[in-house]
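Here's a quick tour of a protein fold, written for someone who likes to know the cut-offs behind every label. Have a look at the model first, then read on.

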Amino acid sequence: MWQFLGLADEEEEEESLFEEHAPEPEIEPMSQGKRATVVSLHTQKQVRVVLVEPTNYEDSQGIADHLKAHRSVIINLHRCPYDQSARVVDFMSGCVYAVGGIMQKLGHLIFLCAPDNVDVQGTISEYLANESRAQLR
């Protein structure tokens, strides 16, 4: 009431109200019979990597569908004629660019196409270079 009329000091009144009405938090020690609650922080779906061996250029659209569904794709072009495998690589390069992903060559006629939600670190050539250095030692 005094505060409403402007006769009481506001800070003192607020402090006294807080002290009077703020209950002390109760901290209960863990007993041997109780277990702590464990919350799973795993929120991402299972990640899939699709392996494909196209035999012609027409298989490219199916590969692109995997990329659009945010799945990484490893493409083995050994069963595809050379002229068509070049077209597959060109098409997949455009698809990877469109989804903001990456495309890496893993070996002779083997490529990895990954969408933007996949982080790829290192390269196969770095691994092979390290292996050859280790064998020389």
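What follows goes from the overall layout to one strand, its neighbours and a helix.

First, the ground rules. This is a predicted model, so to speak of local features we need pLDDT of at least 70, side-chain atom pairs count only at pLDDT 80 or more, and totals for chains, interfaces and linings use all residues. Residues are numbered from 1 along each chain as its sequence is written, and side-chain values use heavy atoms, with hydrogens and water left out.

## Overall layout

The protein has 5 helices and 4 strands, where helices (H or I, at least four residues) and strands (E, at least two) are DSSP runs numbered from the N terminus. In sequence order the pattern is α-α-β-α-β-α-β-β-α. Of the 137 residues, 18% are buried; buried is under 20% relative accessible area, exposed is over 50%, and partly exposed is in between (1.4 Å probe, protein chains only). The accessible surface is about 11400 Å², with 53% of that belonging to carbon and sulfur atoms; these areas come from the Shrake-Rupley method with a 1.4 Å probe, and for residues only the protein chains shown count as cover. Take the contacts (heavy atoms within 4.5 Å) between residues at least 6 apart in sequence: 50% of them join residues at least 24 apart.

## Strand β2 and its partners

How many of the 5 residues in β2 are buried? The count is 4, so the strand is mostly covered. On one side of the pairing list, β2 runs parallel to β1 (residues 49–52) over 4 bridges, with V50 standing opposite V73. β2 is also joined to β4 (residues 110–114) by 4 bridges, this time antiparallel. Pairing here needs at least two DSSP bridges between the strands.

| Residue | Relative accessibility | Contacts beyond four places in sequence |
|---|---|---|
| I75 | 2% | V52, P54, I63, M92, L109, I110, F111 and C113 |
| S72 | 4% | R48, V49, V50, L112, C113, A114, P115 and V118 |

I75 sits in β2 (residues 72–76), and its bridge partner in β4 is F111. Those two are 36 residues apart in sequence, yet 5.1 Å apart in space, C-alpha to C-alpha.

## Helix α3

β1, α3 (residues 60–68) and β2 make a right-handed β-α-β unit. Right-handed means that, with the strands pointing away from the viewer, the path from the first strand over the helix to the second runs clockwise.

Which residues of α3 are buried? They are S60, I63, A64 and L67. These cover an arc of only 100 degrees around the axis, which puts them on the same side of α3; the arc is taken from the directions from the helix axis to the C-beta atoms. An α-helix has 3.6 residues a turn, so residues three or four places apart point the same way. Cover for the buried residues of α3 includes β1, β2, α4 and β4. On the other side, Q61 and K68 are exposed. Just after the helix, H70 takes a positive phi of about 60 degrees.

## The salt bridge

The model has 1 salt bridge, counted when a side-chain nitrogen of Lys or Arg is within 4 Å of a carboxyl oxygen of Asp or Glu. R79 pairs with E53, with the closest N and O atoms 3.5 Å apart. R79 is in the loop between β2 and α4 (82–99) and E53 in the loop between β1 and α3, 26 residues apart, so the pair links distant parts of the chain. R79 is exposed at 53% relative accessible area, whereas E53 is partly exposed at 40%.
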